Amino acid sequence: MSLAKRRGFVFQSSEIYGGLGSVWDYGPLGVELKKNIKERWWRSMVHERHDIEGLDAAILMHPKVWEASGHVSGFTDPLVDCKQCKNRFRADDPRIKGTPGQPDAQCPVCGSKGTLTAPRQFNLMFKTFMGPVEDQAAVVYLRPETAQGIYVNYLNVQQSSRQKIPFGIAQIGKAFRNEITPGNFIFRTREFEQMEMQFFVKPGTENEWFDTWRAERMNWVKGLGIREEKLRWHQHGKDELAHYAADAYDIQYEFPFGWQEFEGIHNRTDFDLSNHQQHAGKKLEYLDPKTNEKFLPYVVETSAGADRTTLVVLCDAYREEEVRGEEAAEGGEQRVVLKLKPSLAPLKAAVFPLVNKDGMPELAHRIHDDLRRHFNVFYDDGGSIGRRYRRQDEAGTPYGVTIDGQSTQDQTVTVRDRDTLKQDRVSTGKLVEYLTQKLAG
Ligand code: GAP
């Protein structure tokens, strides 16, 4: 967290006012990293597939959507209040001793006995009002998942894009949940981004597609460069399944605070479409053009958090290690390095004139201007070259281009590899090609 703040990945929202609970802002490096992850997802889910279309539905939706989806009645957490200190807890908070509502229950904050209420259901959706009148009739919700925007548009998308079942719709967008026990940095927040895809299939084929999508998604996650031993599956037990799911598997990562989910694959059956059909009073059946058969599709969902995936990538890349080889100072030196996959790194290369004289800055600026037309690159002429390398190690920048005395003579530069610390000498005319090759994948 301290590196994320120091280097401009993530800041606390409204920090100068003391911060807003579990809301975070992405700084210059963080916005690039998260954007690279989202673009990678979009490319693999939409551009590289013939059977998935993209969508960007609005955050605000008709309030009946959330009645139909079951979120008004079912998207709740059981909470207890302490009548003494007025704190609120999840009923299953492990710090609570005894049974809430009974005289033996003890408040984990003020220590009073018998002051905890019996559990009450608390809805996690944020409410606001649409239009000038703040009354019950004007209530709208901030969406708690992007999926519903896809369901209510599924026939629009299918008909306008002439897709045939099986096909999917993908969306990246913000979602909001009034989480009661948020925390662990950007792991659980009240405003977050989801990357969701709903795949519409013929009833009876959902189990096959469920397996296919589990395999596809795990491959994609591995493609982010995450260490495999830090990844595992977790199948939801009956008591864990969301109100809409018949079966669900999470992809979990071993965070510093334990194994936790960052993506889920869900068999949502026809739960959502049949409820929308009923509540909206509109037929949502698909007409199979070959067989003339009409049916309500089943849905296999892949649902990833863009912020949580970013946290996975950051945690997995973070290393503290001893510098070896030429760069090591006498007696050894520690460095913090983000070993991000080059294609995900916010900055692809940094350009360093070795010293600020003898024509080196002029050549370095020319190279920087040339490179920035192709990649997100950074110019740094402040401090010793060792210190400049360390700053880029912390930012996860995979390549350092140094312009030295030889460069002004023969138009070559050194390119330092962040992970191996090895240096190649490359001619300036070949630099774009060299980096393009290294950054692929
Ligand atoms: N549409 C299905 C759905 O929303 P979910 O398991 O509730 O399923 C899917 O959420 C993903 O969204 C999670 O795996 C996580 O990555 C992300 N997510 C959910 N709640 C979050 C929160 N409060 N903060 C950050 N990410 C969250």
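Predicted model: local features only at pLDDT ≥ 70, side-chain atom pairs only at ≥ 80, totals over all residues.
On a 1 Å grid laid over the protein atoms alone, a pocket is an open set of points where a 1.4 Å probe fits, with protein on both sides within 12 Å along at least five of seven lines, and its lining residues have an atom within 4 Å of a point. Residues are numbered from 1 along each chain as its sequence is written, and side-chain values use heavy atoms, with hydrogens and water left out.

The largest pocket holds about 1300 Å³ of space. Its lining consists of 45 residues, and those nearest the centre are Phe75, Arg177, Arg188, His236 and Glu261. By class, this lining comprises 13 nonpolar, 15 polar and 17 charged residues, where Asp, Glu, Lys and Arg count as charged, Ala, Val, Leu, Ile, Met, Phe, Trp, Tyr, Cys and Pro as nonpolar, and the others, Gly among them, as polar. Among the elements that each supply at least two lining residues are α4 (71-74), β4 (76-81) and α9 (306-317), but β13 gives the most, with 6 residues; helices (H or I, at least four residues) and strands (E, at least two) are DSSP runs numbered from the N terminus.

The ligand takes up the space of this largest pocket, in the sense that more than half of its atoms lie within 2 Å of the grid points. Elements giving two or more residues to the shell around the ligand are β10 (191-201), β13 (258-269) and β16 (298-305), and here too β13 contributes the most, with 5 residues. The ligand is surrounded by 19 residues, the closest being Glu145, Thr189, Glu196, Glu261 and Glu301, with a heavy atom within 4 Å as the criterion. The shell divides into 4 nonpolar, 5 polar and 10 charged residues.

Individual polar contacts (pairs of N or O atoms within 3.5 Å) can then be followed. An N or O atom in the side chain of Glu145 is 2.5 Å from a nitrogen atom of the ligand, and a polar side-chain atom of Glu301 lies 2.8 Å from a ligand nitrogen atom. At Gly305 a backbone N or O atom lies 3.0 Å from an oxygen atom of the ligand. Taken alone the ligand exposes 550 Å², of which the protein buries 93%, by the Shrake-Rupley method with a 1.4 Å probe.

Notes:
Polar contact = N/O pair within 3.5 Å; in protein donor to acceptor, adjacent residues only side chain to side chain. Points joined across faces, edges and corners; volume = space filled by probe spheres on them.
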